[in-house]
Amino acid sequence: MKVAVVGATGMVGEVMLKVLEERNFPVTELLLVASERSVGKKITFKNKEYTVIGLADAVAAKPQIAIFSAGGDTSLEWAPKFAEAGTTVVDNSSAWRMDPTKKLVVPEINAGELTKEDKIIANPNCSTIQMVMALAPLHKKYKMKRVIVSTYQSVSGTGVKAVKQLENEIAGIDGEMAYPYPIGRNALPHCDVFLENGYTKEEMKLAREPQKIFNDKTFSVTATAVRIPTAGGHSESVNVEFENDFDLSDVRKMLHETPGVVVQDNTDTNTYPMPIYAHDKDEVFVGRLRRDETQPNTLNMWIVADNLRKGAATNTIQIAEYLVEKGLV
Ligand SMILES: NC(=O)c1ccc[n+]([C@@H]2O[C@H](COP(=O)([O-])OP(=O)(O)OC[C@H]3O[C@@H](n4cnc5c(N)ncnc54)[C@H](OP(=O)(O)O)[C@@H]3O)[C@@H](O)[C@H]2O)c1
């Protein structure tokens with residue numbers, strides 16, 4: 001496969017290269033792409049040095065697959081140009097996620113929808129991916145009615161600039177700010193931009209994307225997204241009300257048997273998911289499983305994943321692997 005990585009110099013891009021290498025994705029030719037600022041920079045992949053190129057050169061090279069993590073504006077402008085050149089784009093930004101003509105894919109849930117005609121495929125938001133991974137088997141059996149999610153999101157979810165802000169604050173350096181306030185020793189109820197309805201864009205992604213992934217509008221999701229000073233790994237407190245009653249031991253068993261999900265749930269041994277241990281892992285970790293005692297058929301859970309891996313790079317590359325495996329590119 002001739003593969004282009006667009007946004008190769010960014011936080012997600014760097015992890016994408018790592019995941020491509022680890023999973024031995026069949027790369028025969030690699031194009032590393034970033035903004036004009038980075039053209040000419042050198043990046044090593046599998047012990048070979050590559051020079052970063054610009055977007056126009058990458059389109060002209062007609063890769064079979066382009067994996068994008070370079071922000072929404074870059075995707076809106078350039079993904080169609082790649083698609084026109086015959087390249088299949090898997091995009092990490094929010095640009096195409098809610099476009100009804102584009103698929104929004106978590107491979108374990110809905111890769112089966114993909115066809116050769118899908119030239120721009122959207123990767124869901126990082127917080128959405130980890131949540132739906134845990135909800136999918138439960139929704140199938142008990143049918144969700146309503147989900148209330150509160151997130152505790154790491155600074156790596158914002159990108160290089162935010163990680164630098166936290167590092168600077170810890171080191172006592174007065175540097176460039178990615179957030180409107182200090183993030184160290186703080187919690188910002190503000191992820192992405194505010195919308196007219198008073199929610200943030202991140203909160204609305206959590207509300208809308210699951211319905212599209214499950215192809216089901218019979219349940220609703222409401223979200224509060226909070227940025228906290230962890231370097232990597234997003235955590236979520238999720239309260240889910242089902243149509244049907246459940247047995248907690250069945251819930252645990254079902255999650256335990258779900259590929260890509262790991263149950264860490266033993267209060268006797270203080271076992272529960274934490275971002276520090278989810279770091280660099282592809283799995284979604286679930287724990288603190290307990291009944292909501294205030295309402296029937298309702299479950300409380302805690303979900304943690306590495307936002308740069310399953311929340312971004314790994315999910316994207318799993319989509320690309322599916323396309324290759326099924327002969328769709
Ligand atoms: N961080 C996460 O957890 C996460 C999770 C899921 C999805 N995403 C999405 O992935 C994308 C990248 O996120 P990130 O965290 O990796 O951000 P980042 O660290 O700021 O990196 C941004 C990347 O995009 C490139 N880029 C920016 N403007 C460009 C342009 N005009 N033309 C070509 N390349 C351009 C940058 O190149 P230069 O180095 O040359 O500036 C860099 O490689 C965003 O759309 C984000 O929403 C991020």
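Guide: Two strands pair if DSSP finds at least two bridges between them. Strands (E, at least two residues) and helices (H or I, at least four) are DSSP runs, numbered from the N terminus. This is a predicted model: local features need pLDDT of at least 70, side-chain atom pairs count only at pLDDT 80 or more, and totals for chains, interfaces and linings use all residues. Residues are numbered from 1 along each chain as its sequence is written, and side-chain values use heavy atoms, with hydrogens and water left out.

Visitor: Over how many bridges do strand 9 and strand 11 pair?

Guide: Strand 9 covers residues 144–153. Ile-148 stands opposite Asn-239 in strand 11. The pairing is antiparallel, and the number of bridges is 8.

Visitor: How many residues of strand 11 are buried?

Guide: Buried means under 20% relative accessible area, exposed over 50%, and partly exposed in between (1.4 Å probe, protein chains only). Strand 11 spans residues 234–242 and is mostly covered. Of its 9 residues, the buried number is 8.

Visitor: Is Gln-295 buried or partly exposed?

Guide: Gln-295 sits in the loop between strand 13 (284–291) and strand 14 (298–305). Its relative accessibility is 33%, so Gln-295 counts as partly exposed.

Visitor: With which side chain does that of Gln-295 make a polar contact?

Guide: A polar contact is a pair of N or O atoms within 3.5 Å; within protein, one must be able to donate a hydrogen and the other to accept it, and residues adjacent in sequence count only if both atoms are side-chain atoms. For Gln-295 the distance is 3.1 Å, and the partner is the side chain of Thr-298.

Visitor: How far from the sulfur of Cys-126 is the nearest cysteine sulfur?

Guide: A disulfide is a pair of cysteine sulfur atoms within 2.5 Å, and the structure holds 0. Cys-126 is in no disulfide; the nearest cysteine sulfur is that of Cys-191, at 9.0 Å.
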